[in-house]
Amino acid sequence: MLLEISGLTSHYGRIQALKGIDVTVGEGELVALVGANGAGKTTLLRGISGVQPVSAGTIRFDGQDITRMAPEARVQLGIAQVPEGRQVFGPLSVEDNLRLGAYCRHGTDVEADIKRMYAQFPILKTKRNQPAGTLSGGQQQMLAVARALMSHPRLLLLDEPSMGLAPRLVAEIFRIIETLKGEGTTIFLVEQNAYAALAIADRGYVVETGQVVLVDSGTQLLANEKVREAYLGQ
Amino acid sequence: MFAEFLQYLLSGITVGAIYALAGLGFAIIYNSSHVINFAQGEFIMIGGMATSSLVAAGLPMWAAVLLAVLITMLVGVALEYFAVKPARNADVVTIIIITIGASIFLRGMAQIIWDKESHSLPAFSGETPIHLMGATIVPQSLWVIGVSFLAILVLGWFFNRTLFGKAMLATAYNRLAAQLMGIRVKRVLTASFGMSAILGAIGGIVVTPITYTNYEAGVMLGLKGFSAAVLGGLGNGMGAVVGGLIVGVAESLGAGYISSAYKDAIAFVIILFVLFFMPSGLFGKRGTERV
């Protein structure tokens with residue numbers, strides 16, 4: 001397993017956001033984790049990236065225990081995150097955002113990678129010198145994904161990539177995620193949009209109030225009565 | 001009439017350049033941590049005092065200057081390491097108060113290491129005044145203006161052209177996202193204190209031959225630098241430079257035309273007036289945000 005999380009707990013002050021989460025992601029897999037707002041999805045991803053303290057449990061990446069590792073060391077190991085709400089560097093140009101995505105790689109072939117990103121996301125090339133903050137929501141999301149890919153991740157963490165986007169753009173983003181999966185990228189996708197996420201996922205987890213309540217293949221979960229009731233409104 | 005005005009303008013720009021450097025120092029630290037470092041003025045003082053004593057000890061000027069800048073930078077880094085870092089989970093206001101304490105401590109140390117006397121430096125290229133359309137300017141003023149301008153250019157190059165400079169800007173804008181890029185935000189904080197100290201030291205050194213320096217010379221210079229930063233829009237580099245020049249020229253004109261007794265008051269009144277109508281300063285946050 002590329003990513004193995006066991007018994008992970010995390011607190012915000014006295015409030016326990018994660019109550020012992022177990023999740024695994026295998027090499028090349030696309031794993032979706034769905035759940036309502038406040039279920040602890042973002043906390044989990046931040047814990048994996050090392051920007052949210054965890055109180056107990058372990059995170060292993062490629063067999064190595066990274067539970068207490070500094071965030072930058074995790075990026076160097078190959079964990080990249082597209083954070084909730086995109087969080088692009090608004091005043092900096094699109095191209096500088098991409099460069100900072102490769103910050104940990106110390107300059108090797110960054111220009112070639114930027115070209116590759118422009119080929120994959122042509123709109124970013126058009127806007128390369130504009131401040132990232134002037135991009136539309138969908139464009140910012142593409143930039144956030146491209147920025148994360150600049151670090152050559154072995155594991156890509158996506159936090160609510162469809163949040164706040166128009167339906168047409170949501171479809172576009174999920175198409176991009178499928179393309180990335182097709183290229184062999186290992187992806188851990190966290191979504192409120194359970195239907196779209198489970199439809200493209202190899203496996204899925206359903207979380208409620210900081211705990212995993214269901215694990216199954218994406219298609220099985222989509223067919224599951226409880227999931228349909230709670231998350232798909234059917 | 002015009003000669004008089006030009007005279008005041010020139011001396012205003014000279015002192016304004018120092019305020020600009022101090023203002024930039026405030027802006028850099030504010031951006032990386034939202035802390036207002038009230039020990040910024042002490043960096044100016046240490047730069048001047050250290051150079052002065054090193055020259056007195058027999059070092060050539062260039063060596064004394066380099067060493068003094070280095071010493072001040074180390075003081076800045078130490079301030080971050082020993083005073084700010086241990087309180088990193090505290091409120092920003094708490095840390096600001098810590099920097100006020102640090103400034104008092106540094107003044108005290110300066111009294112012990114040096115003394116309470118005024119110290120000077122020889123002018124870098126003589127004292128022969130240059131005449132310009134009826135006004136006179138000492139060559140050192142040109143040094144102050146030139147060196148400050150150069151420092152600002154280098155700083156602009158650093159933030160716009162180097163990856164670490166961009167990483168510092170990114171951290172200022174969004175700390176979480178910066179961490180997710182693998183930027184060591186702690187290192188950014190340390191660098192910001194080091195850079196602010198360097199800027200302060202440079203200003204302190206070039207201005208010492210004109211104004212002299214003593215252990216508490218940093219108090220007023222720091223306050224003026226802070227005013228410059230606030231006037232320009234806290235955290236905006238260009239704003240700090242423009243703010244510094246405005247404060248410098250305003251107090252020079254005020255001292256010349258009204259009364260030198262009110263020169264500090266005039267600068268502060270202008271700032272209050274501007275902030276009354278533009279609370280975020282002249283170049284305060286202009287939104288380029290789209291969500």
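Reply: Start with the classes. The lining of the second largest pocket has 12 nonpolar, eight polar and nine charged residues. Here Ala, Val, Leu, Ile, Met, Phe, Trp, Tyr, Cys and Pro count as nonpolar, Asp, Glu, Lys and Arg as charged, and the others, Gly among them, as polar.

This is a predicted model, where local features need pLDDT of at least 70, side-chain atom pairs need 80 or more, and totals for chains, interfaces and linings use all residues. Residues count from 1 along each chain as written, chains are lettered from A and ligands numbered from 1 in written order, and side-chain values use heavy atoms, without hydrogens or water.

The pocket's volume is about 760 Å³, the space filled by probe spheres set on grid points joined across faces, edges and corners. A pocket is an open set of points on a 1 Å grid over the protein atoms alone, where a 1.4 Å probe fits, with protein on both sides within 12 Å along at least five of seven lines; lining residues have an atom within 4 Å of a point.

Of the 29 lining residues, B:Arg88, B:Arg175, B:Gln179, B:Val185 and B:Lys186 are the closest to the centre.

Both chains contribute. Chain A brings α2 (71-77), and chain B brings α1 (2-33), α3 (61-84), α4 (92-113), α6 (163-173), α7 (175-180) and α8 (185-211), each with at least two lining residues. α8(B) gives the largest share, four residues.

Now chain B as a whole. It has 11 helices and two strands, DSSP runs numbered from the N terminus (helices H or I, at least four residues; strands E, at least two). Its order is α-α-α-α-β-β-α-α-α-α-α-α-α. Its C-alpha atoms fill a box of roughly 60 × 45 × 35 Å along the principal axes.
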